[in-house]
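Good morning, everyone, and thank you for making the time.

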Amino acid sequence: DKGTYPFYMLKEIDEQPIVIRNLLSRYFDADKHVQFGSEILREIREADRLYIIAAGTSYHAGLVGGRMFEQWSGKPTEVHISSEFAYEQPLLSEKPFFIFLSQSGETADSREVLQQINAQGHHSLTLTNVEKSTLWREATYALPLLAGPEIAVASTKAYIAQVTLEAMLAYAVADQAQLGFDLEQELSKIAVDIQGIVDDKETFKQVAEELLVPAQSAFYIGRGVDSAVSLEAALKLKEISYVQAEGFAAGELKHGTLALIEKGTPVIALMTQPKMALLTRGNLAETQARGAKAYTIVSKSIAKANDNYVLPDTIDLLSPLLSVVPTQLLAYYTSLGRGLDVDRPRNLAKSVTVQ
Ligand code: M6R
């Protein structure tokens, strides 16, 4: 039930702080230790390489999680689009372990991969929002995303749940003393901070109306994990507002895409990674010199006076949980401003059960 909301998508964006709190209360015990089946953690620890398999927004959540497993847990990780992996399986390591990400648990492309790797005798873990779904049942292990039903075709809270749960898993297998932060504390703070961002709806409504509703095309850029969020931001914008949008690694601009920048083209830069922000600023300036309309979404510690939207600080790889939220709201208000059916974009289905 949408309650007083005009569209499910807005309700689901608003539910994101609760989603993080649900995951915290399910997976952290009273002593603040992460609680997963010991079997799952053993399999991840013993694997020599992780393979994250997913499609669409779930794939974008995988791009974030892959970085966590590598940088926090020291575990080599590959992130693959399921429809590609299914028909061109890369060479696998000696002891692979698979992690499937899927809101619905029914995505045909991912099911195809799971059947193949089951036949090859490999073990897997599915993170899904739908208990007893196919990917839940057919994987060796499964954990629920606890995001509650996601009705809007555009996935929002499932992304937040996937990134949160990946963080918890990566943290659980990492050397926590060496990481030097308390994940439970950081996630609790992020839940509060997301609330602050969703309370700024009016800001994003205005920006969407001025910058994106009239646009033919738009670009999201960022470096490191911000490039992964740029992909998700662009997908969200195109799928519900039909604005031609591209998201990519900011350093790639000068290798081709810069040719598309015209007077008035919106370029939105995500900058949450201190060691890369200056370089992204340089790339953004190149687009502005060609007439782009720039909008910046920046973490507080690296923000400058003329930045447009300032995000609270957090651990580098947790920043997608914050930076994605303004992009969800921008997509929502662009779709709304164009008079479209936000929850049911043309040509798309919530769950893609064909390959
Ligand atoms: O149910 P899944 O997470 O497996 O679905 C994967 C994609 O079809 C899905 O994320 C799609 O990209 C969304 N509509 C994006 O908002």
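Let me begin with a convention, which is that an angle of 65 to 115 degrees between two axes counts here as roughly perpendicular. Please also keep in mind throughout that what you are looking at is a predicted model.

With that convention in hand, consider helix H3, which covers residues 38–46, and helix H8, which covers residues 157–173; their axes lie 10 Å apart and the packing angle is about 70°. H3 and H8 are therefore roughly perpendicular to each other. On the H3 side the contact is made by Ile 40, Leu 41, Ile 44 and Arg 45, while H8 contributes Leu 169, Ala 172 and Val 173. Sorted by class, the contact of H3 with H8 holds six nonpolar residues and one charged residue, with no polar ones.

How are helices H2 and H10 oriented towards each other? Helix H2, residues 16–27, packs against helix H10, residues 183–198, at an angle of about 165°, and their axes are 8 Å apart. Since angles over 145 degrees count as roughly antiparallel, that is the description that applies to H2 and H10. The crossing in which H2 passes H10 is left-handed. From H2, the residues making the contact are Gln 16, Pro 17, Ile 20, Arg 21 and Leu 24, and those from H10 include Glu 184, Leu 187, Ser 188 and Ile 190. In terms of class, eight residues in the contact of H2 with H10 are nonpolar, three are polar and two are charged.

The next pair is helix H11, residues 201–212, and helix H14, residues 320–337, whose axes come within 8 Å and cross at roughly 60°. H11 and H14 are therefore oblique to each other, and their crossing is right-handed. Among the residues that make this contact are Phe 204, Val 207 and Ala 208 of H11, together with Leu 329, Leu 330 and Tyr 333 of H14. The contact of H11 with H14 has eight nonpolar residues, one polar residue and two charged ones.

With Gln 103, by contrast, a backbone N or O atom is involved, lying 2.7 Å from an oxygen atom of the ligand.

How values were computed
Residues numbered from 1 in each chain as written. Predicted model: local features only at pLDDT ≥ 70, side-chain atom pairs only at ≥ 80, totals over all residues. Heavy atoms only, no water. Axes fitted to C-alpha atoms, helices over the stretch in contact; angles between N-to-C directions. Helix = DSSP H or I, 4+ residues; strand = E, 2+ residues; numbered from the N terminus. Parallel < 35°, antiparallel > 145°, perpendicular 65-115°, else oblique. Left-handed = near helix turned anticlockwise from the far one by under 90°. Contact = heavy atoms within 4.5 Å. Nonpolar A, V, L, I, M, F, W, Y, C, P; charged D, E, K, R; others polar. Polar contact = N/O pair within 3.5 Å; in protein donor to acceptor, adjacent residues only side chain to side chain.
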